[in-house]
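Here are my notes on the ligand site and on one helix. Please read them with the model open.

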Amino acid sequence: MTHEESDSERWDVIVVGAGPAGCAAAVAACRTRPGARVLLLDRSDFPRDKVCGDGIAAEAFDVLAELGMDAAAIADGYPPVERLRLAAPGGTEVERPLARPAHVIPRRVLDARIVAEALRQGVVLRQHAVRSVESTPDGVTVDGLRADVVVGADGAESVVRRALHPAPPAGTVALAFRAYADEPAGQTGTQVITMTSAHWPAYAWSFPDGTGRANVGYGEVLTAAPPSRAAMLERWDALAPAGGPRDALRAHRLPLSTGRPPIPDGRILLVGDAQCLINPLTGEGIFYAVRSGQLAGRAALAGARAGTLYRRAMRGALGRHFRHTTLLARGTRAPRIIDAAVRACRRDQRVFDDLLRIGLADGLLTPRLVTGLRR
Ligand SMILES: Cc1cc2nc3c(=O)[nH]c(=O)nc-3n(C[C@H](O)[C@H](O)[C@H](O)COP(=O)(O)OP(=O)(O)OC[C@H]3O[C@@H](n4cnc5c(N)ncnc54)[C@H](O)[C@@H]3O)c2cc1C
């Protein structure tokens, strides 16, 4: 059916964007009210690429499983990553096992598999690039399609967010480059993050996916106008020479949770990157995407009360966590604090676990982590 032919359609929920956040929202809505009419729109055909480090925390898989998705099928062919090596800006290093192994799955694969799981649960997917979203007295119109509630899951440059909020404040957006390379020698099963005090907060990563390839990249928080591509690549090379050809080199912006907009009442909800939900400490966003999507999808069938319910659910699930990550992001503006944290991780596996849980999922600042940061 063409877009023009569908003008008179009315949906319970339209989700804009079929990345992890959008699929989670669409599936959660279908599960909340079986038979609900849920339409997922994406400008791309799947499989499609997405610039990312491809690291997926175990907690993100927990949410996918809660949504009835087959986590083993989604991860098939990509073995768990058991270890993480962190090099702090001052050179202190730690390498330890992850309390819960992560995965590294190219987003071209991961997202197509998640979309397939969503379709299996009754979501309808259409390829369409959304240009306009307008509230009406009894619903929302998306390029002529009508819905009771719309969920904006259209990523970092969200069209839906721009209809509601100004651009994120300065200092709350990062820029990162990603490429694929051969797995570096001696790095099987180990994710590596190398931080630098130059242009802090900034780090390079190398995440092997278990197939002989690694996702490699470099990113930094933007405090002024974005640096040139040449300058970024120079900084990356200085920090972590990739040693070999890199392909699929692409850059993308990361809207950090320190700049997330308030969640308003009403019928338009934002999730994942569209809601600026990327961890300011690590660049993690997939866990937030699926958790916020799940919560928005559950609230989306409440019509005019959807925004209120979604705001409450987010506050309950992630409110304290966001306060703690913001505190930690402020505290670690001095790179020596990160060195102190890494030294504490060397002394105590539990501090390492706490740091990872706040950096990759919904952890909190624990007393032993705070003590470690002060020493
Ligand atoms: C370089 C880099 C490295 C990263 N590394 C990691 C990592 O290792 N681990 C991690 O957890 N997170 C990482 N992130 C963050 C992670 O990529 C995002 O947080 C995550 O993809 C957010 O999911 P999402 O569903 O909100 O948005 P997306 O995955 O961006 O999906 C948005 C979807 O919306 C569609 N869309 C956009 N505009 C429109 C439109 N107008 N109409 C219709 N459809 C539209 C797009 O085609 C896309 O399919 C990284 C980000 C970057 C940039």
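1. Start with the make-up of the site. This is a predicted model. By class, the shell around the ligand holds 18 nonpolar, 11 polar and 9 charged residues.

2. Which residues come nearest to the ligand? Of the 38 residues around it, they are D42, G53, G55, R107 and D273.

3. The side chain of D273 has an N or O atom 2.6 Å from an oxygen atom of the ligand. G53 uses its backbone: an N or O atom there lies 2.7 Å from a ligand nitrogen. In K50, a side-chain N or O atom is 3.3 Å from an oxygen atom of the ligand.

4. On burial: the ligand exposes 1000 Å² when taken alone, and the protein buries 94% of that.

5. Why does the ligand lie between domain 1 and domain 2? Both give residues to the shell around it. Domain 1 covers 4-80 + 102-167 + 257-327, and domain 2 covers 173-254.

6. Now helix α11, residues 367-374. Its buried residues are L369, G372 and L373. Seen down the axis of α11, they fall within an arc of 100 degrees, so they line one face of the helix. An α-helix has 3.6 residues a turn, so residues three or four places apart point the same way.

7. What does the other face of α11 carry, turned away from the buried side? The exposed residues P367 and R374 are found there.

Notes. Residues are numbered from 1 along each chain as its sequence is written. This is a predicted model: local features need pLDDT of at least 70, side-chain atom pairs count only at pLDDT 80 or more; totals for chains, interfaces and linings use all residues. Side-chain values use heavy atoms; hydrogens and water are left out. A residue is near a molecule or strand if one of its heavy atoms lies within 4 Å of it. A polar contact is a pair of N or O atoms within 3.5 Å; within protein, one must be able to donate a hydrogen and the other to accept it, and residues adjacent in sequence count only if both atoms are side-chain atoms. Accessible areas come from the Shrake-Rupley method with a 1.4 Å probe; for residues, only the protein chains shown count as cover. Ala, Val, Leu, Ile, Met, Phe, Trp, Tyr, Cys and Pro count as nonpolar, Asp, Glu, Lys and Arg as charged, and the others, Gly among them, as polar. Domain bounds come from an automatic or database domain assignment. Buried means under 20% relative accessible area, exposed over 50%, partly exposed in between (1.4 Å probe, protein chains only). Helices (H or I, at least four residues) and strands (E, at least two) are DSSP runs, numbered from the N terminus. The arc is that of the directions from the helix axis to the C-beta atoms.
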